[in-house]
Amino acid sequence: MRILAIETSCDETAVAVLDGERGLLAHELWSQIDLHRAFGGVVPELASRDHLRRLLPLLRTALREAGTDATQIDGIAYTAGPGLVGALLTGAALARAVAFGWRCPAIGVHHLEGHLLAAMLEVPAPPLPHTALLVSGGHTLLAEVRAVGDYRLLGQTRDDAAGEAFDKSAKLLGLPYPGGPQLGELAQRGRPGACALPRPMLDRPGFEFSFSGLKTAVLQAVRAAPATEQARADIAYAVQDAIVTTLCAKALRALQFTGHDALVVAGGVGANRALRTRLAHEALACGARVYYPRPEFCTDNAAMIAVAGLYRLRAGERSGLAIEVRARWPLEELAPPGRGRVL
Ligand code: KG4
Ligand code: ZN
C-alpha cells in the first residue's frame with residue numbers, strides 16, 4: 001500500500017509518500033517560523049493562509065521526489081486534530097478533494113499518534129509495548145503504548161508544555177522565536193550551579209507536569225542578573241536543567257511503573273541534546289533503552305502522519321466524505337486500527 005500524507009496542524013506544511021514495502025519515498029516540509037517570528041508566536045489566520053499557498057507545490061514536489069503519480073497512490077492520510085482548526089481544515093480539505101478525485105480512501109489521523117509512531121520509521125524500531133514521553137510545543141505527556149492505537153495516558157502537563165517553557169524562557173532571555181533550540185545552544189556555555197531555578201512537580205508522586213511557574217522564576221532571575229553574556233548562559237543552563245531533570249525523573253518513574261524496557265521520546269523537545277544525553281544515561285542504568293525518531297521527525301512532519309495512516313488504512317479504516325477536524329481530541333479516544341470509531 002502506498003500512502004500520501006498531509007500535515008497542517010500548526011505552523012509546518014508537510015507532505016510525504018510512504019510505501020508499505022519500500023518505506024519512505026519522499027517527505028517535504030515548509031516551515032512558517034519566519035512568518036510568525038515577528039509576532040513571537042503562531043498567528044492562526046496567517047498559518048492557514050500560508051498552508052493554502054504551500055500545499056499544492058509541496059504535494060507536486062513530493063510526488064515527483066517519490067517517482068510516483070496519482071494512479072499509484074492507494075490512500076491519503078491527513079492530520080485531523082488536535083491543532084489549529086483553520087490550519088487543520090486546509091490539509092483536510094485538500095486530502096478529501098484529492099482522495100475523491102483519485103478515487104482512493106482517506107483517513108483523518110491524530111497528530112499525537114503520528115508523533116508517537118514516528119520512531120517506527122527508524123531501524124531498529126522500538127518494541128511494543130513501550131513507554132512514551134511526548135514533549136512538543138503544544139503537548140507534554142507520558143503514555144503507555146500497549147499496541148498501535150492502544151494508548152494509556154499516564155500523566156500530562158497541567159499547564160504549559162515543555163516546548164512552551166523552553167520558548168517562553170528563551171523569549172525572556174531575548175532569543176528569537178521559537179527559542180527552544182537556541183536556548184539549548186546558549187545553555188552549553190552556562191555554568192552548573194550558577195543560577196538556581198525550581199524543579200516543578202519533581203517531588204510530587206505521579207506523572208503530571210507543570211511548567212507555568214518556571215517562567216516567573218526565569219523573569220526574576222533575568223531581572224536580578226547582570227547584563228552579561230555569561231549570566232544569560234547561566235540562566236539558560238538552569239532553565240534547561242530544570243526542564244530536563246523533571247522530564248527525566250518522571251519518564252524513569254513511568255518506566256518503573258510500566259515495567260517496560262523501552263522508552264520512546266517523541267516531539268520537538270526530543271531534539272534537545274541535554275535531554276537525550278541524560279535520558280540515555282539514566283535509562284541504561286535501569287536496564288531500558290531509549291528510542292528516538294531522527295531529529296527532523298521529532299518536530300512536526302508528514303512522514304509520521306503517513307505511518308499512523310498506513311496502519312489504519314491497511315486495517316480498512318476510512319473517514320467519511322465530510323471535511324471534519326477536531327481542535328481537541330483526547331489520545332485515549334483512539335482504538336487499535338480497524339476497531340474503533342473513525343472521525
Ligand atoms: O513537535 P513540535 O515541532 O511542534 C508541536 O507539535 O508542538 O515541537 C516544537 C517545540 C518548540 O517549542 C521548540 O522550541 C521545541 O520543540 N524544540 C526544542 C529543541 N528543538 C525544538 N526545545 C529545546 N531544545 C531543542 N533542541
Ligand atoms: Zn506536533
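Five residue pairs are in polar contact between domain 1 and domain 2, both residues being at pLDDT 80 or more; a polar contact is a pair of N or O atoms within 3.5 Å, where within protein one must be able to donate a hydrogen and the other to accept it, and residues adjacent in sequence count only if both atoms are side-chain atoms. This is a predicted model, in which local features need pLDDT of at least 70 and side-chain atom pairs count only at pLDDT 80 or more, while totals for chains, interfaces and linings use all residues. Residues are numbered from 1 along each chain as its sequence is written, and side-chain values use heavy atoms, with hydrogens and water left out.

**Domain 1 side**
- The elements giving two or more residues to the side of domain 1 that touches domain 2 are α1 (33–37), α4 (111–117) and α11 (303–314), with helices taken as DSSP runs (H or I, at least four residues) numbered from the N terminus.
- Of these elements, α4 gives the most to that side, with four residues.

**Extent**
- In terms of contact (heavy atoms within 4.5 Å), 18 residues of domain 1 meet 20 residues of domain 2.
- Domain 1 (2–116 + 297–333) and domain 2 (128–292), with bounds from an automatic or database domain assignment, have centres 27 Å apart, taken over C-alpha atoms.

Technical notes: Chains lettered and ligands numbered in written order.
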